[in-house]
Amino acid sequence: MATPNETWRIGDTELTTIVEAETAGIPAALFYPDIADDHLAASADWMVEGAVGDDMTITFRVQAFLLRHRGLTVVVDPCVGNHKNLAMPFWAHQDLPWMEHLIEAGVAPDQVDLVIHTHLHEDHIGWDTHLVEGEWVPTFPNARHVYVGNELEWASSEKRRQIHDAFSESIAPVFDAGLSWEVDGDADLGDGLRLLSTPGHTPGHSSLEVETGSERLVITGDVLHHPFQFAAPDVAEVGDQDPDRARTVRCDLFADLADSDAVVAGTHFPIASVGRVETHAGAWRWGPISS
Ligand SMILES: [Zn+2]
Ligand SMILES: [Zn+2]
């Protein structure tokens, strides 16, 4: 399915969605095992058309954000990638034209200066490497790749690598090529790019704050996966490693985004991924802004 790249200009920064896949009709319980009818119903009065379907289904997107910012070309969270040996059947060995979408946006892989990962789940690191004659090699040979230290510790742990070894396929080759940059979870990366430590989903999860010259831009990562969570922030996502901490962090971030009237880019948000957050009915709501 071809989803066109969409671009927003926010202050002096340009943000483009580079979509890998968007899938409708996914049972919400697959991602949210404890979800109830009223969790989805709570957002019904403002939900983006198509983001929630009939019979407790949701639409879900996997995408990266391309930033053109202060002369830098930055890729945030480069998706699942092609041909990966992953445990998730719907992500394993896929062959999707994500790279074609990046090139359509006017970026060749060797022009990328910086790759930022909000965390190291397999759907956020995949395109960091690609297969060349049976070997996983870095896709962005001139980019520094940002990793949060304690996230790296978790991703490289024996336990994590027993489930599926995304570390060997998508992270180790970047380190071997000398392209890694290890930082703290709240690191100032320079050039108006700053990590906001937002742990819980994973131990070293960080969102990304961008100084655009006018408005504040925040890329959420997996603090939440779908906009209905603004109305139901207590619902845990199946991948949340520490659900209690993830809940607290979600509410704190939502309050901060609403207070600061930030432009927000939701990493897995379907249909309309960029918008603003405001307080609503004892929780929050999401309103997209057009590209
Ligand atoms: Zn994740
Ligand atoms: Zn994710």
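## Overall size and make-up

The radius of gyration is taken over C-alpha atoms, and the globule rule is 2.2 Å times the number of residues to the power 0.38. For the 291 residues here, a compact globule would have a radius of gyration near 19 Å, and the chain agrees, with 18 Å. Its C-alpha trace spans about 50 × 40 × 35 Å along the principal axes.

Please keep in mind that this is a predicted model, in which local features need pLDDT of at least 70, side-chain atom pairs count only at pLDDT 80 or more, and totals for chains, interfaces and linings use all residues. Residues are numbered from 1 along each chain as its sequence is written, while chains are lettered from A and ligands numbered from 1 in the order in which they are written.

The chain has 7 helices and 17 strands; these are DSSP runs numbered from the N terminus, with helices (H or I) of at least four residues and strands (E) of at least two.

Of the 291 residues in the chain, 46% are buried. A residue counts as buried if 20 or more other C-beta atoms, placed from the backbone, lie within 10 Å of its own, as exposed if 12 or fewer do, and as partly exposed in between.

A nonpolar core is a set of buried Ala, Val, Leu, Ile, Met, Phe, Trp, Tyr and Cys residues joined through C-beta atoms within 7 Å. The largest one has 73 residues, and Phe65, Val75, Val76, Val115 and Leu208 touch the most other members. Strand S4 gives the most to this core, with 7 residues. Leaving aside residues up to four places away in sequence, Val75 touches Ala64, Leu66, Val112, Val115 and Phe140, where contact means C-beta atoms, placed from the backbone, within 7 Å.

Which residues of helix H6 (residues 166–176) are buried? They are Ala166, Glu169, Ser170, Ile171 and Val174. These lie on the same side of H6, because they cover an arc of only 150° around the axis, taken from the directions from the helix axis to the C-beta atoms. They pack against strands S7 (129–132), S8 (135–138), S9 (144–148) and S10 (180–183), and against helix H4 (149–155).

Just after H6, Gly178 takes a positive phi of about 75°.

## Two loop residues with positive phi

Asp55 sits in the loop between strands S3 (52–53) and S4 (57–69). Its phi is near 55°, a positive value in a residue other than glycine. Asp55 is exposed, with 7 other C-beta atoms within 10 Å.

His83, in the loop between strand S5 (72–76) and helix H3 (98–104), has a positive phi of about 65° although it is not a glycine. With 14 C-beta neighbours inside 10 Å, His83 is partly exposed.

Definitions and conventions. Two residues are in contact if their C-beta atoms, placed from the backbone, lie within 7 Å.
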